[in-house]
Amino acid sequence: MTIVFSACTPDEYQLKAPLDKSALKFSVTTDPTNPNKFILMSLTPNAQAYWVTPVGTSVKLTDTIVIPFPAKGDTILYSVETPGGIVTAEPYVFDVSTIDAAYVSGQMWTDLTGGIGKSKTWVLDLDANGKSKYFAGPFYFGGTGWEWDPAFADIGWAGVSAGDYGTMTFDLIGNANFKSDNKMFPDLSGTGKFMLFPGTNQLITYGAQLIHDKAKGHEVLNWNAKMKIQTLDANHMQVQAVTGAGAWMIYNYISKDYYDSH
């Protein structure tokens, strides 16, 4: 019996050359009726579009975004996926000089800031005597399918000190401005901006953090991430600060006006 072995060489695969940037075609135009609204159009044939904008990402061939606040030198990035890999065009750079009043006139914007041209100051619901004026305590514990709402007196083990934690202020005066004045921990204070996402009940701050403690607050993964607003009305706000997969702290805030009048 004769056994014959035949040797085979594996197929060789090679990526196609990436598309040259000059071949990417797209347009970004401003809505003639609203200088804060931009229309994005992918014009590159047979290519999957990928947009990166100041208000999120998109894979639509045609999309519309709103930049609700003044901005200078912001960018929109347009990329396409090709057999040779991802190719990104030169950034589209733009300025915005106006506030889209209609966009920020919803109830959540008004409850948080007081409205266009106004500001509202908030405090952690805790005083120097360890008392809360509206909620059971300054923060609760929560996770997927559960929540525990203890009074401050019941969580001495947490190491959180009673005291005046200062104020945080949201305003719509010329822009979406945010300021945090943490009297207990001045190093956590700062000035920046914020963005509210009513469609998903989320809030994000830039350059400064929401008022919080350090003893439990250090467990929060990212104080400048998008945070879920659990409840919000004119005088009360609860914000979920994620501490891990399926787990979070719920920080309870009241308006300074409510604090002073109760």
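Asn 175 sits in the loop between strand E12 (167-171) and strand E13 (177-181), where strands, labelled E, are DSSP runs of at least two residues numbered from the N terminus. This is a predicted model, in which local features need pLDDT of at least 70 and side-chain atom pairs count only at pLDDT 80 or more, while totals for chains, interfaces and linings use all residues. Residues are numbered from 1 along each chain as its sequence is written, and side-chain values use heavy atoms, with hydrogens and water left out.

Asn 175 has a relative accessible area of 12% and is therefore buried, since buried means under 20%, exposed means over 50%, and partly exposed lies in between, with a 1.4 Å probe and protein chains only. A polar atom of the Asn 175 side chain lies 3.2 Å from the backbone oxygen of Pro 70. Setting aside neighbours within four places in sequence, Asn 175 is in contact with Phe 69, Pro 70, Ile 99 and Lys 193, contact meaning heavy atoms within 4.5 Å.

Let me turn to Ala 128, which belongs to the loop between strand E9 (119-124) and strand E10 (139-143). Is Ala 128 buried or exposed? Its relative accessibility is 58%, so Ala 128 counts as exposed. Beyond its neighbours within four places in sequence, Ala 128 is in contact with Ala 162 and Gly 163. The C-alpha atoms of Ala 128 and Thr 64 are separated by 49 Å, the two residues being 64 residues apart along the chain.

Finally, Val 59, in the loop between strand E4 (56-58) and strand E5 (62-66), is exposed, because its relative accessible area is 52%.

Methods
Helices (H or I, at least four residues) and strands (E, at least two) are DSSP runs, numbered from the N terminus. A polar contact is a pair of N or O atoms within 3.5 Å; within protein, one must be able to donate a hydrogen and the other to accept it, and residues adjacent in sequence count only if both atoms are side-chain atoms.
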